[in-house]
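Subject: Structure handover

Hello,

Please find the structure below, with notes on what turned up in it.

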Amino acid sequence: MSKYRYFIYARKSTDTEDKQVLSIESQLSEDHALAKREDLSIAGVFIEKRSAKRPGRPVFNDIMRRIAAGEADGIISWMPDRLSRNSIDSGQILYDLDENTLKDLKFPRFWFENTPQGKYMLSLEFSQSKHFVDNLSETTKRGMRTKVERGEFPGLAPFGYINDIRTKTIILDKRHAPLARQIFERYSHGDQTIKDISAFLLAHGAVGRNGKPMNWEKIIGILRNPFYYGQFVYWGELHDGRHEPLISKSLWDKVQKVIEQRSHKMSPESSPAVFCGLLKCPCGMSITATTKTRTQINGNFHSWTYYHCSHKSKVVRCVERPVREFLLLPQISALLAEFSLPTEAVSWLSDKITSVENTEIGKNSSVSENLRGQISELAKRQSVLLDSFLDQDIDRAIFVAKKNEIMSEKRNLEESLENLERDQNCWVEPMRNWLTRVDSICSAIKNCDYGEQKRLLLEIFGSNLFLKNKNVVAESDGKSNSPLNHIWFSLRETNKKYRQNGGQKNFCQFLEPPFGFEPKTYGLQNRRSNQLS
Ligand SMILES: [Zn+2]
C-alpha cells in the first residue's frame, strides 16, 4: 500500500476541446483500475463537467484546497489535460509539486514521477494542451493550415535541419545532420546516458543556442521528436512531413523504448540483495534479505547476506529458518539451467520461426493490398475536399463534417490493416524475444549475472517460487501467469526427455514432434508450426 492518499479527478466538458476525450465513466474506470493495480488508497472521487480553458473550476479548486489542507497527498486523473488546460492551473500544480504540498500525480495514460524529469515532462504536456486550446480558439489560420496539409512544418527547424529562407522549406543542415543521426544510433544501444550524448555533441562542436553544452531537456527533446523519421506534430496531431528523414521509424521506436526504460529506473536488481521479490515464504509472506558486516581484527571488512521470512503475518507463526546467500546461488542457477537450450537448437528454432512467418505473410498479402487501395482512395478524396474548401466552393461546416467522416473511415481501415499485419504474425515477435531469453540463460549462468537470472525466473515462474526448508521450490508448476508459460514448461519437458535418452540423438530432431512452438495464448492451437510444415 502506497503511503499517499489520492483524490480521483475526472473531467469532461461539452466544449469542442473535449470531443475526443473518454466519457467520465470510462475515465473513472481507468483511474480505479490504476489505483487497484498500484494498490493506492483513495480519499475521494471528484467529477467536473467544465472546460479547463480558463481558471476558476469550482471542483478543481476545491480539491487543490483540500490537498493543501492535508486531506490527501496526490491526484489520480486520466491524462494531464484533465487537470489543466490553462497556464494558471498548470502553474499551480507544478508549484504545489515543488512545494511538496502536492506530493504525487498518477495518470493511467501518462508517465509521471515527482522528480525534476517527471515535472519537466508534465510541464511539456501541459503546455501542449494549452497550445491545443490556443489554436482552437483562434479562427483557422489558413496559410498555416495548408502549409501543414502540404507536409511543411510551420516552425523553427530542429537540430540537424535548417530553415531555407529562400524556398521557405526545411532542409538538412550538412554540418549537424550526421551528428543528429549518430546520437539516435548511440542512444538506441541503451549503454549511453544523456550525459554521454551531450559530451559527444560537445566534442563535435555542437552546442545549444546559448553556446553551452546541450542539456538534458534539449537532448530528450531531440530524441523524442518524430520529425527525424519524417513526421511532425501540429495541433497535437501527427502529420506526414515533406522534409528528408534522417533516421528510420524503427530506430526512433527503439530510442523511445530506451527512454521509457530509463525513466522507470529503480530496477529491482539495483537493490543490494538481488533475490528480494523473487521468493516467497511458505507462510505466505515475502522473503527479504539482511546483510551483515563485521570488521575483522586485521581491519578487513567481512560481509554476508542471508534471506529470511519477513515475518509480517500476524496469524501464522513462521518456522522457516534463514538461508545464507551462498547456499542459494547454486540452487537458483540449477533451477534455471533446466530451461536452457543448446546453441544449435536455438538457431534451428530461429530458422523455423522465419519459415512459418514467411508462409503466413504470403497468405494475407492480397487482403492487405485491397485495404491499402481503399485507404489511398480516401486520401485522394480528402485532398479533393480540401481543394474545394480552399476554393470556397463549400463552407467550413461542411468541410469539417466531411473531413471528419473521411478521417474516421480512414482510421478504421488503417486499423484493420494494422490488426491484420499484427495478427498474422502476432506470435513472431514474442517468440523471437523468448528465444533470445532462452539463449541468454546460458550466459547468465556462466557470468553469474544474478540480476538476469532473477528476471528470467520471474518470467518463468511468476510468483510461484518458495523458499522451503532452505530449498528453492516451485509450487504449482506451470500455473504462472506468464503469457509464455506453456512454452517454458514444454521446453523443460523436452529437455528432460532429451537427457533421459542420454543426449545421443540430435537435439533439434528431438524437438520436432511434441514441441509446437507458438504460444498457446495467441489462439493458434489449431495451426501449430509442426502441422504447418
Ligand atoms: Zn514465513
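Residues are numbered from 1 along each chain as its sequence is written.

The mean pLDDT (the predictor's confidence in each residue, from 0 to 100) is 80 for the chain, and 83% of the residues score at least 70. Strand S3 (residues 74–77) has the highest confidence, at a mean of 96, and helix H18 (residues 529–532) the lowest, at 38. Helices (H or I, at least four residues) and strands (E, at least two) are DSSP runs, numbered from the N terminus. Residues 518–533 have pLDDT below 50, with 28 contacts in the model beyond near neighbours in sequence; a contact means C-beta atoms, placed from the backbone, within 7 Å. Where pLDDT is low, the predicted coordinates should not be read in detail.

Helices H8 (residues 194–203) and H9 (residues 216–223) pack at about 90°, so they are roughly perpendicular (65 to 115 degrees). On the H8 side, Ile-194, Ile-197 and Ser-198 meet Trp-216, Ile-219 and Ile-220 of H9.

Phe-153 lies in the loop between helix H6 (142–149) and strand S5 (161–164). Phe-153 is buried (20 or more other C-beta atoms within 10 Å, again placed from the backbone) because 22 lie within that distance. Leaving aside neighbours within four places in sequence, its contacts are Ile-170, Phe-227, Phe-232, Gly-241 and His-243.

Regards

Note on methods. Predicted model: local features only at pLDDT ≥ 70, side-chain atom pairs only at ≥ 80, totals over all residues. Axes fitted to C-alpha atoms, helices over the stretch in contact; angles between N-to-C directions. Parallel < 35°, antiparallel > 145°, perpendicular 65-115°, else oblique. Contact = placed C-beta atoms within 7 Å. Buried ≥ 20, exposed ≤ 12 C-beta atoms within 10 Å, placed from the backbone.
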